[in-house]
4 protein chains.
Amino acid sequence: MPGNTFGHLFRLTTWGESHGKAIGGVIDGCPAGIPLSEKDIQPDLDRRRPGQSNVTTARDEADQVEILSGVFEGKTTGTPISLIIFNKDQRSQDYDKIKDTFRKGHADETYQLKYGHRDYRGGGRASARETAMRVAGAAIAKKVIAQNSTTKIVAYTKQIGDLTYDKPNLDVIEQNSVRAADLDIAGKMKTAILAAKEAGDSLGATIEAQIIDCPIGLGEPVFDKFKADLAKAMLSINAVMGFEYGPGFDVVNLKGSENNEIEIGIYGGITNGKPITLRIALKPTASIKIEGRHDPCLAPRAVPVIEAMIWLTIADHYLRNLCT
Amino acid sequence: MPGNTFGHLFRLTTWGESHGKAIGGVIDGCPAGIPLSEKDIQPDLDRRRPGQSNVTTARDEADQVEILSGVFEGKTTGTPISLIIFNKDQRSQDYDKIKDTFRKGHADETYQLKYGHRDYRGGGRASARETAMRVAGAAIAKKVIAQNSTTKIVAYTKQIGDLTYDKPNLDVIEQNSVRAADLDIAGKMKTAILAAKEAGDSLGATIEAQIIDCPIGLGEPVFDKFKADLAKAMLSINAVMGFEYGPGFDVVNLKGSENNEIEIGIYGGITNGKPITLRIALKPTASIKIEGRHDPCLAPRAVPVIEAMIWLTIADHYLRNLCT
Amino acid sequence: MPGNTFGHLFRLTTWGESHGKAIGGVIDGCPAGIPLSEKDIQPDLDRRRPGQSNVTTARDEADQVEILSGVFEGKTTGTPISLIIFNKDQRSQDYDKIKDTFRKGHADETYQLKYGHRDYRGGGRASARETAMRVAGAAIAKKVIAQNSTTKIVAYTKQIGDLTYDKPNLDVIEQNSVRAADLDIAGKMKTAILAAKEAGDSLGATIEAQIIDCPIGLGEPVFDKFKADLAKAMLSINAVMGFEYGPGFDVVNLKGSENNEIEIGIYGGITNGKPITLRIALKPTASIKIEGRHDPCLAPRAVPVIEAMIWLTIADHYLRNLCT
Amino acid sequence: MPGNTFGHLFRLTTWGESHGKAIGGVIDGCPAGIPLSEKDIQPDLDRRRPGQSNVTTARDEADQVEILSGVFEGKTTGTPISLIIFNKDQRSQDYDKIKDTFRKGHADETYQLKYGHRDYRGGGRASARETAMRVAGAAIAKKVIAQNSTTKIVAYTKQIGDLTYDKPNLDVIEQNSVRAADLDIAGKMKTAILAAKEAGDSLGATIEAQIIDCPIGLGEPVFDKFKADLAKAMLSINAVMGFEYGPGFDVVNLKGSENNEIEIGIYGGITNGKPITLRIALKPTASIKIEGRHDPCLAPRAVPVIEAMIWLTIADHYLRNLCT
């Protein structure tokens, strides 16, 4: 059973391989009458695109998105919205040498085991390149929610090695290339990443996200709790190794009397409108040394992808909650 | 859109409130011809039932399961399997006082916000009582997988406060009431739980699980990765605050060159048959002090529920993978 | 992939075999706050139950329904509603002789081919007995729609052999045992059915249904058109061999200029609130001669089942349309 | 809830408007390793394309399909297959006059009622143009089935007005522009269609289809019976007003003893491998007189669409049956 669709009522289906002709996505379930053009989507893609700085991969993709359907005279029509980005910089010759090699820590072997035939160029379908379409789809999700709510989502690099900080300053995130919410630590993180890059290595990270003014009543117990679908959304991203919200794993040190005092924004799997804080663990890029171009730390470009998956989760649950 | 069904091809729908007439579940998608009777299910329910020891709630439920359909002459027929447990010990008078109160850390308020009308007795649908049906459904999932694979799943209480251990001894888990995989630490955990109970308080915990001989090829990229559906399964459980697998959040301290050496059992979202280790964070019971009977630490009874949700995830993905 | 669930947002899952302990259904997705008790359901079941007259089967089932969950203090809570009917008159000894026989025109052989193991008693899962739960679920669907709309659905036996009529009189349907909308023709139909019964044979029929005051905007193009899901609903009933709406197959004789003048209530797959007329073809019971008790003509008891499936389709599409 | 996806395991999502930049489709769930190129798809599209003869619309579209993903080195990879056809002959100026008019018998008004904003050019999303992608997707479905089975599907124009015939000759269908299975009647049908065209009118029709060597065991009772999903597939096509299989509506004239002798290929909703015959009713084009270019009779171009929807239904149920 195929797995390239996210969501039930606000539904994103993505397609495309790293080095194919194009990548794309279809949004089905976007309400009609919402103003939409490529200009609403491109800025988010620009935050995710490669080649933004020396802490990201050198692959050069403009990632110019085009809307092919579902919008008429500047507004959505309630019909499927088809998005496409043609691949430019494919350089598939870089990858010929991995044709018959299974790279450590990659999906090469498991795709071969499962499908028996795979597009090995640049990771093919398993490449993080597909997340561009998650970001594009989420830009539309964001507009849906903005019609009805002041919801804000902001993610940032929280930790790399033992570099971390306590009080995130949300205003500085886009001012530094690692997208940390602390300029001082950001500088140190950048130094660490460049050192790893120099050594042909890569670094893991933690990303934190805040959901502010989340619509109330999202989540469909007992299985489709909001926290459950958030966790799925996060773990559906390639390098994510863990998810926690509220106190998360620190809860092991808390008593009920202490924990009950902490507001976590989701109870019984349903949102109550209070802020939600979540964190995810991001493994270091497996593509190290000589294997094609890569990001020495995934965090800076993962930040908009994390935000995107949260937006998609919220939009789907927002529509689901309309029917309760 | 309703959320009481888990899985797509091996599908469990549960129903029932804590203090209603009964709770139940319907399994749709179980292959035909599998030997099945109540005796295959009851032992797993007995591991989850309340009143097993002094570290669990005193509510007395035999949790006797009955199969109402889908089995004929001792074998499944491929039609829906209906399971039911009639509620015995309801004592709903205990809960009258919370009729108009929203208990801290509970689902009382969010259910009211979302639905406008709720069964407040014992948490109603939000009670962990519904997990009995997850355990019952999983007993069937386990039999499906056992037809084709030697898969084994074992979970255990890994940490409470700072009490933890390095090398789990899987043989001793059922020998101690906290279900730890280390008898020495188990004793200390028990002491800590009883102290919290005495103080009218509760404790958080970490549970670890191992999947051994997982079928190869499970997981449907890019969204329904095996790790994504595992995360959803775990976070769909009431008190779970976090999920991680492999090195999990510790990955923040790893370089790519180090991390690539660690076998994690899932690449590109697809299983490769190697062992998978995962951990979840369990918050301390919110029901403390005088509010009805409760578990002073959820871990001992959560262990079989964690295992159950993993079985359900595997069974669903096992069937999904047949169509690839 | 299992097929025992109907609907996406208003979702009915049924279970149970003809001669098992019980049959049941779970409604997931019913909005909260709707007044509901067994008294809302039983009258519809009574219209479908066997043994109502000499033109229906002699099997004696009270079909007493019980609500096990999802209703609290007389109102729905938004959680799954579990319905159960315990089987009374099972007489499974009647069916022992068909254990190893595939009856002509029945599902015996195909169930054996597909599942390899089946409950042969009384048709097992393939028995029309499962439609009782469709009727029960639809009684709830009807209450959901009644909150918001004056929708009325009425079905009647339109033709048996060459006995038919032009102007249906909706007031007389429940006054005659064949449920025709014309008392004169009803009498002749009854005579024909009794003659067939006497001869150990059975008769086919056409049933017509009218949907009046259907909510506007139902239907989700391009695949989930309202007419498409109606057709599926109808053909999901055991003996139904055909579906048509508006002029239906007579359209072969119409020119565009003529057909454009006929109001059919659904355009582009979406309802416009105008009346919808549909018809289904019902094959004669395959169970003839000595094979257990049976209905000599399915039409009288099929009428409430046809209505039920229309209600379920409308309720699901009503909720779906809330998200557009 | 959106409705632009057909199927569950072999899943086609279509997008695009009649006069937008392009139309497209995404197939998710196609097994890996199947040889596939545009050459496998184009011939079926050519059978459906406009401008084939003087009995079809004069709109000139080459309908050249391009595969954008999911195929590598000539074989499917198990990842989504994205198909696109860029629109050529748009002439949207023809349609400006209908901007504020609701054409009789069309979807103009219902789309406006449901969505509040629509692409009115050429019917927008409601145009039969979207069926091109059904035909393209079905060409892939056909290749999936061909790996495992000798299944053959053939449809033909069976009746226009009172012009019909008894013994279809499957060899002559592609030899005549109306796609009838009788050359003599085909000539008369053509004359009738041209006369209607001359008069600025259009004609209804009946199409019959045969499924030969259908895989055994398809269909998932009780709701997703094979006949139910066939009916849905057929009624999901714009102009289809009715569906019947086997004796269909003629069953009203049959006794059980007669009907039991007729082999219909589906029992209990499950296929038994015997031939299945079905018929659908096709209304005359609503676009008559001056309203843009149109087909004077939809039958010739509907034939490949009917076949396509049957292939899609079979492919989905074929995969579903693998999990039983």
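Q: How is burial read here: does A:Tyr111 count as buried or exposed?
A: A residue is buried under 20% relative accessible area, exposed over 50%, and partly exposed in between (1.4 Å probe, protein chains only). A:Tyr111 has a relative accessibility of 6%, so this residue counts as buried. The model is predicted: local features need pLDDT of at least 70, side-chain atom pairs count only at pLDDT 80 or more, and totals for chains, interfaces and linings use all residues. Residues are numbered from 1 along each chain as its sequence is written, chains are lettered from A and ligands numbered from 1 in the order in which they are written, and side-chain values use heavy atoms, with hydrogens and water left out.

Q: Where do A:Tyr111 and A:Tyr115 lie?
A: Both belong to helix H2 (residues 108–115) of chain A, 4 residues apart, about one turn of the helix. Helices are DSSP runs of H or I with at least four residues, numbered from the N terminus. A:Tyr115 is buried as well, at a relative accessible area of 9%.

Q: How many aromatic pairs does a search of the whole structure find?
A: A pair of aromatic rings is described by the distance of the centres and the angle of the planes. Rings of Phe, Tyr and Trp (its six-membered ring) pair with centres within 6.5 Å; planes under 30 degrees apart are stacked, over 60 edge-to-face, the rest tilted. The search finds 18 such pairs over all chains. One of them joins A:Tyr111 and A:Tyr115: the centres are 5.4 Å apart and the planes stand at 50 degrees, so this pair is tilted.

Q: Why is the pair of B:Phe243 and B:Tyr245 stacked?
A: The planes of these two rings are at 20 degrees, with centres 6.4 Å apart, so the pair is stacked. B:Phe243 and B:Tyr245 are both buried.

Q: Which ring does the charged end of A:Lys158 sit over?
A: The criterion is NZ of Lys or CZ of Arg within 6 Å of the ring centre and within 35 degrees of the ring normal. The charged end of A:Lys158 sits over the ring of A:Tyr165, 5.8 Å from its centre. In chain C, the charged end of C:Lys158 sits over C:Tyr165, 5.8 Å from the ring centre.

Q: How many residues of chain D are in contact with chain C?
A: With contact taken as heavy atoms within 4.5 Å, 90 residues of chain D meet 91 residues of chain C. Between these chains there are 8 salt bridges (a side-chain nitrogen of Lys or Arg within 4 Å of a carboxyl oxygen of Asp or Glu). Among them, D:Glu261 and C:Lys104 meet at 2.9 Å, N to O.

Q: How many salt bridges does the rule find across the interface of chain D and chain B?
A: The rule finds 0. The contact takes 7 residues from chain D and 8 from chain B.

Methods:
Helix = DSSP H or I, 4+ residues; strand = E, 2+ residues; numbered from the N terminus.
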